[in-house]
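Below are some short notes for a colleague opening this structure for the first time. Please read them beside the display.

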Amino acid sequence: MKTNSEIFFETLVEGLDIGVIALDADLHILHWNDFITRQTGKCVDQVRGQPITDIFPETNNPQFHGMIELARSKGRHVYHHWLELSLLIPLRFESPDGDLLSLQSSLLFPYDHYGRERRYGLVMYDTGAIAKSSRQLEAALVALSKKQAEQDQLICKLETANTQLLQSEKLAAIGQLAAGVAHEINNPIGYVLSNLKTLDGYVLDMLRIIDAVDEVSSLDELRQIKHALEYDYVREDVKALISESGDGIDRVKQIISALKDFSYIDEEEFRPADLHRGIETTLNVVNNEIKYKAEVTREFGVLPELECIPSQINQVVMNLLVNAAHSIEQFGHITLRTSHEGDWVWFEVEDTGKGIEKKLLNRIYEPFFTTKPVGKGTGLGLALSYNIVQKHNGRIEVRSEVGQGTCFRVWLPVCQPVALTGKDAE
C-alpha cells in the first residue's frame with residue numbers, strides 16, 4: 001500500500017509539463033511520467049527494465065556518458081543544455097504561442113532508494129516553460145508545508161497529552177502508596193514511642209535506687225529497695241527496649257532512604273546503576289501493598305551494572321509488583337528473578353494470581369485499559385512501564401494462564417546504544 005508521501009510525489013510528477021525518467025544503477029528504465037509517454041508514444045510498462053540507450057538511441061553519445069560518469073564518480077547532479085551540446089532525447093513542449101519547441105535542458109542526479117540502491121533521475125525541461133511548473137510546484141510545496149505544520153502541532157499536542165497521562169499515573173501511584181508508607185513508618189515509630197515511655201518509668205526507678213544510696217542505713221535496706229523495684233528485670237528489659245528501638249529507627253531510615261531513591265521522578269540522565277538495589281528499594285516502598293497479600297521470594301543472579309535511568313526502572317518494578325499483589329485474591333506468592341545473558345539483563349515478576357485471559361493479552365499495554373474493578377486502577381501502569389522500557393531500548397514479555405498466575409519479564413541492554421552523530425550518520 002502506497003503512503004501519502006508516495007501518492008503525493010507521483011501526483012506531483014505526473015502533473016508537471018516536464019520529462020522525468022527514473023533509472024537503476026545500470027541505466028535500465030524503472031519509470032517515467034505521462035509527459036514522456038505523450039511525447040514519445042511509448043508506454044513505460046513495455047520498456048521497463050530495458051537500457052535507456054536501447055529505447056532512446058540519442059542518449060548513446062559522449063555527452064550523456066560523460067554526465068553519467070560525473071554523477072557516478074562525484075555523486076552530484078549534472079546539468080546539460082542542448083544549445084551548447086547535442087540534444088539527448090527529442091522531447092517537445094507547447095509554448096504560450098502554441099508553437100512546439102524542443103526542451104532545452106536536462107538534469108541528471110543520483111539518489112539512494114530508501115538508503116540502499118543507487119538510482120538516477122533524469123529530468124528534461126524548458127528554462128522558460130519550467131516557470132509555470134515551478135509555480136505549480138511552489139503551490140504544492142506550500143500546501144504540503146501547511147499540512148506538515150498542522151501535523152507538527154498535532155504531534156506536539158499528543159506529546160503533551162502523553163506527558164500529562166504519565167504524570168497522572170505517577171501521582172496516582174504516589175497516592176496509592178502514601179497510606180501504606182505512612183503505615184510502614186508508623187509501626188516502628190509507634191513501638192519506639194511505647195519503648196520510650198517504658199524507659200521513662202525505668203529511669204525513674206533507677207534514680208530512686210541511686211538516691212536511696214545516701215538515705216539507707218545498711219546494704220540490706222538498699223537490696224530490699226532494688227528487689228521491690230524489680231531491678232534485675234528492669235536491667236534486662238532496658239537492653240531489649242534499646243535494641244528494639246534501634247531496629248525500629250533503622251527500619252524508618254530504610255523506608256526514608258528507599259523513598260529518597262524512588263523519588264527522582266523527573267530524572268532523565270542514563271547512568272550505571274545496581275538493579276538489585278533498585279528492586280530492594282522498590283520492595284521497601286511497596287511493602288505494605290504486598291506483605292498482606294503474598295510472600296516474596298528472590299532468585300537473583302549475578303548482574304553487571306545497568307546503564308539506565310534508575311528511578312524510571314524502579315517505577316516499572318513498582319507497577320509490576322503492585323499489579324502482582326492486586327491479582328492475588330487471598331494470599332499467594334510473588335517471585336522476583338534476575339539474570340544476565342550476553343549484552344542483556346532481565347528481571348521478572350511472577351505471581352500466583354488469577355492470571356489474564358489470552359484474548360486480553362494484546363491490550364494490556366493500552367492506556368486506560370485495566371482488568372481491575374472500577375476504582376481499583378487507572379489503566380496507565382503497564383502503559384507507562386511499556387513506554388519506559390521502550391525508552392531504554394528494551395522489551396517486555398508476558399506469559400499468563402488463567403487461575404495459575406502471570407509472569408512479566410523485562411529485558412534491558414547493559415549499555416545503551418550510542419546515538420549516531422552527524423558525522424557518523426553520513
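1. Leaving aside neighbours within four places in sequence, D237 is in contact (heavy atoms within 4.5 Å) with T198 and Y202. The model is predicted: local features need pLDDT of at least 70, side-chain atom pairs count only at pLDDT 80 or more, and totals for chains, interfaces and linings use all residues. Residues are numbered from 1 along each chain as its sequence is written, and side-chain values use heavy atoms, with hydrogens and water left out.

2. D237 belongs to helix α8, residues 231-262; helices are DSSP runs of H or I with at least four residues, strands are runs of E with at least two, and both are numbered from the N terminus. The side chains of D237 and Y202 are joined by a polar contact of 2.5 Å. Such a contact is a pair of N or O atoms within 3.5 Å; within protein, one must be able to donate a hydrogen and the other to accept it, and residues adjacent in sequence count only if both atoms are side-chain atoms.

3. Beyond neighbours within four places in sequence, the contacts of R119 include L23, D24 and F109.

4. I210 lies in helix α6, residues 130-212. I210 is exposed, with a relative accessible area of 53%.

5. In helix α12 (residues 381-391), the buried residues include L382, L384 and I388. N393 follows α12 and has a positive phi, near 60 degrees.

Definitions and conventions
Buried < 20%, exposed > 50% of the residue type's maximum accessible area, 1.4 Å probe, protein only.
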